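Please keep the sequence at hand while reading.

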Amino acid sequence: MEVGGKILTGAVATALLALVGHYVTGDNYISGLEKTVQTEMQAQGFDDVTVSLSRDPLSRKAILDGDVADDVKQKALNAAAGISGLSGAAWAGSDLVPQASNSDGESGDNAGQNGLDSETQAAVAKCQGGVDKAIEGKKLSFRSGSAYISPASNKILDEVAAALKPCSGLAVAVGGHTDDNGNAQVNKILSQERADRVRAGLVERGLSENLVSATGFGAEQPLSAADGPDADAQNRRIEFKVQAANETKQNDANSQQGE
């Protein structure tokens, strides 16, 4: 089967939407997304590539694996990066990162995601990995209904800041998320206040204020569609996304246009 020779079918797209709407726990959602991504990869000709998503903690980042040639690994990463529902993709045991396609539809050696060169892509991936490792198994917490960061969470911020300091010239986008209890607008304001507080904490720890952005999403991007305290705990979170500095400026401009 020719690699990249098939495209996502309407049935698979419908299945993905159904997963988002009907799976009732975060674990079930991740399991369903994993199966859907695997189906899509097979539809594109990557039959020997396996897909896995982390359960502890829950993650929408796809980890690819398989005994295939290096050029196939790169093509598989590029394909996975474009699948709806995923937050990113990586190849197990490799520093390969997804690359964007040029106008001819082929991956360019010097053009990566959002037009980034391969060196910047590698730096972003390495820095994101450092942040992910710093917060692995941990969670920032706040006083109920407020943006007050607990002392234990301040220690986590110390570790995140330490992981980000070697990332010269790169930016970090702080995303605040709440559960869906209460008023949606109040939740969004609270999530913004919490993201702002985390941003301020990173700046206080030596990061450039021009390279740290903060956005509150309220309950718009849940990890779990279930009801109950366990799902609420999963959905209340702070996320850190490392990116090139020009991406932060573009995101800020898009945000201003949307207001």
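The axes of H4 and H5 come within 9 Å of each other and cross at roughly 160°. This is a predicted model. Angles over 145 degrees count as roughly antiparallel, and H4 and H5 are therefore roughly antiparallel to each other. The crossing in which H4 passes H5 is right-handed.

**The helix pair**

Which residues of H4 and H5 meet? From H4 come Cys127, Gly130, Val131, Ala134 and Ile135. From H5 come Ile156, Glu159, Val160, Ala163 and Leu164.

Glycine 130 sits in helix H4. In sequence, glycine 130 and alanine 163 are 33 residues apart. In space, their C-alpha atoms are 5.6 Å apart.

**The disulfide**

How many disulfides does a search of the whole structure find? It finds one. Cysteine 127 and cysteine 167 form it, and their sulfur atoms are 1.8 Å apart. The link of cysteine 127 and cysteine 167 is right-handed, with 100° about the S-S bond.

What does the pair tie together? Cysteine 127 belongs to helix H4 (residues 118-135). Cysteine 167 lies in the loop between helix H5 (151-164) and strand S4 (170-177). The pair therefore ties together parts that are 40 residues apart in sequence.

Buried means under 20% relative accessible area. Cysteine 127 has 5% relative accessibility, so it counts as buried. Cysteine 167 has a relative accessible area of 13% and is buried too.

Three strands form an open sheet in the order S5-S4-S6, and the pairing is mixed. Strand S5 (212-216) and strand S6 (237-244) stand at the edges. Each has a single partner strand, so one side of each is left without a neighbour in the sheet. Neighbouring strands of this sheet are turned by 20° against each other on average, direction ignored.

S4 and S6 pair in the antiparallel sense, over eight bridges. Glycine 175 has glutamate 239 in S6 as its bridge partner. H4 lies across S4 and S6 and runs at about 160° to S6. Helix H6 (residues 184-204) also packs on the sheet, where it touches S4, S5 and S6. The direction of H6 makes about 165° with that of S5.

**The other sheet**

Another open sheet of three strands has the order S1-S2-S3, with mixed pairing. At its edges stand strand S1 (50-55) and strand S3 (88-91). Each of these has a single partner strand, so one side of each is left without a neighbour in the sheet. The twist from one strand to the next averages 30°.

Strand S2 (residues 58-65) and S3 run parallel, joined by four bridges. Lysine 61 stands opposite glycine 88 in S3. Helix H3 (residues 70-81) lies across S2 and S3. H3 runs at about 165° to S3.

| H6 | S4, S5 and S6 | about 165° to S5 |

Definitions and conventions:
Residues numbered from 1 in each chain as written. Predicted model: local features only at pLDDT ≥ 70, side-chain atom pairs only at ≥ 80, totals over all residues. Heavy atoms only, no water. Pairing = 2+ DSSP bridges. Helix = DSSP H or I, 4+ residues; strand = E, 2+ residues; numbered from the N terminus. Axes fitted to C-alpha atoms, helices over the stretch in contact; angles between N-to-C directions. Contact = heavy atoms within 4.5 Å. Disulfide = S-S within 2.5 Å. Buried < 20%, exposed > 50% of the residue type's maximum accessible area, 1.4 Å probe, protein only. Parallel < 35°, antiparallel > 145°, perpendicular 65-115°, else oblique. Left-handed = near helix turned anticlockwise from the far one by under 90°.
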